[in-house]
Amino acid sequence: AQSVWGYDSDNGPDRWHENYPMAKGDKQSPIEINSKDVHHDSSLAPWHASYDPGSAKTILNNGRTCRVVFDDSFDRSVLRGGPLTGAYRLRQLHLHWGSSDDHGSEHVIDGVKYAAELHMVHWNPKHGNFARALKQPDGVAVVGIFLKVGKTPKPEMKRILAEIDNIKTKGKEAPFQHFDPSILFPKSRDYWTYHGSFTTPPCEECITWILLREPIEVSSDQMAKLRSLSKNGENEPLNPLVDNWRPLQPVKGRIVKASFK
Ligand SMILES: Cc1cc(=S)c(O)co1
Ligand SMILES: [Zn+2]
């Protein structure tokens with residue numbers, strides 16, 4: 001039987017299309033953002049997140065990423081504005097990262113790869129539930145934040161990284177409460193936006209991407225902490241969870257808009 005999708009040679013991004021045909025679609029993510037091709041759209045409104053820290057529930061290692069899950073049973077933590085119509089509910093956040101500080105992000109900006117990329121996944125409740133929203137072009141909105149290794153790491157990342165020790169192996173989950181992810185946002189609200197897909201199977205093309213221009217800083221130790229997660233379960237050999245990023249996908253004529261000049 002086809003092994004579950006992953007990032008290894010036998011189940012990696014080049015083979016996802018065998019089980020997930022959307023992976024070969026013409027609105028796939030991630031893509032490279034070239035500033036010279038970006039359209040400044042002065043009509044793009046600012047985006048606003050109003051998150052209830054009480055909606056944070058758990059943090060888990062699913063063998064492919066580290067994910068924080070939120071209560072999305074009502075409009076409790078929502079994202080509005082920007083390119084969006086209506087309020088999108090925060091469902092989960094997760095990260096993609098590399099095996100060393102010089103790569104790991106999924107989107108690439110003018111040739112620059114960051115050490116990691118944090119995705120905050122929101123869905124449009126007008127579609128009833130997340131599974132149905134996945135099938136709609138306006139179903140999901142993901143805020144992408146780039147993580148850059150620097151000297152003055154953002155203290156707010158400490159909370160997520162402090163939990164890593166409790167979820168070292170695949171399947172581990174720990175309570176993660178009283179957390180407002182908007183503390184992770186950089187100062188600037190400048191963003192790029194374009195229409196794309198999940199960067200993991202099923203690669204549904206339901207995402208309005210909102211990529212923040214300003215990266216947040218993390219320390220090299222914090223990145224090492226992330227890389228100490230294992231893809232394997234607790235009774236299996238440690239298999240470092242690193243390089244869980246998808247390669248660049250064809251832009252296929254899509255327009256990337258910028259909220260800034
Ligand atoms: C829903 C979802 C979105 C992305 S981008 C991902 O990596 C996993 O799950
Ligand atoms: Zn993602």
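Mentor: Gladly! Let's start with Pro-202, which is found in the loop between β12 (191-196) and β13 (207-212). Keep in mind that this is a predicted model.

Trainee: What makes the bond that joins Pro-201 and Pro-202 stand out?

Mentor: The peptide bond there is cis, with omega about 10°. Another cis peptide bond joins Ser-29 and Pro-30, where omega is about 5°. Pro-30 lies in the segment before β1.

Trainee: Why is the pair Lys-231 and Asp-8 called a salt bridge?

Mentor: The side chains of Lys-231 and Asp-8 meet at 2.8 Å, N to O. The rule asks for a Lys or Arg side-chain nitrogen within 4 Å of a carboxyl oxygen of Asp or Glu, so the pair qualifies. By this rule the count comes to 16 salt bridges.

Trainee: Why does the pair tie together parts that are apart in sequence?

Mentor: Lys-231 lies in the loop between α3 (220-226) and β15 (257-258), while Asp-8 is in the segment before β1 (32-33), so the parts they tie together are 223 residues apart in sequence.

Trainee: Now the ligand. Which residues are around ligand 1?

Mentor: Gln-92, His-94, His-96, His-119, Val-121, Phe-130, Phe-198, Thr-199 and Thr-200. Each has a heavy atom within 4 Å of ligand 1.

Trainee: How do you know that His-94 and His-96 make polar contacts with ligand 1?

Mentor: A polar side-chain atom of His-94 is 3.0 Å from an oxygen atom of ligand 1. For His-96, a side-chain N or O atom is 3.1 Å from an oxygen atom of the ligand. The cut-off is 3.5 Å, so both pairs count.

Trainee: How much of ligand 1 does the protein bury?

Mentor: Taken alone, ligand 1 exposes 280 Å², and the protein buries 92% of that. Ligand 1 sits in the largest pocket.

Trainee: Which elements give two or more residues to the shell around ligand 1?

Mentor: They are β7 (88-97) and β9 (116-123). The largest share, 3 residues, comes from β7.

Trainee: And how is that shell made up by class?

Mentor: The shell around ligand 1 has 3 nonpolar and 6 polar residues, with no charged ones.

Terms used. Residues numbered from 1 in each chain as written. Chains lettered and ligands numbered in written order. Predicted model: local features only at pLDDT ≥ 70, side-chain atom pairs only at ≥ 80, totals over all residues. Heavy atoms only, no water. Polar contact = N/O pair within 3.5 Å; in protein donor to acceptor, adjacent residues only side chain to side chain. Areas by Shrake-Rupley, 256 points an atom, 1.4 Å probe, with all protein chains shown as cover. 1 Å grid on protein atoms, 1.4 Å probe; cavity = no way out; pocket = protein on both sides within 12 Å on 5 of 7 lines; lining within 4 Å. Sits in = over half its atoms within 2 Å of the grid points. Helix = DSSP H or I, 4+ residues; strand = E, 2+ residues; numbered from the N terminus. Nonpolar A, V, L, I, M, F, W, Y, C, P; charged D, E, K, R; others polar.
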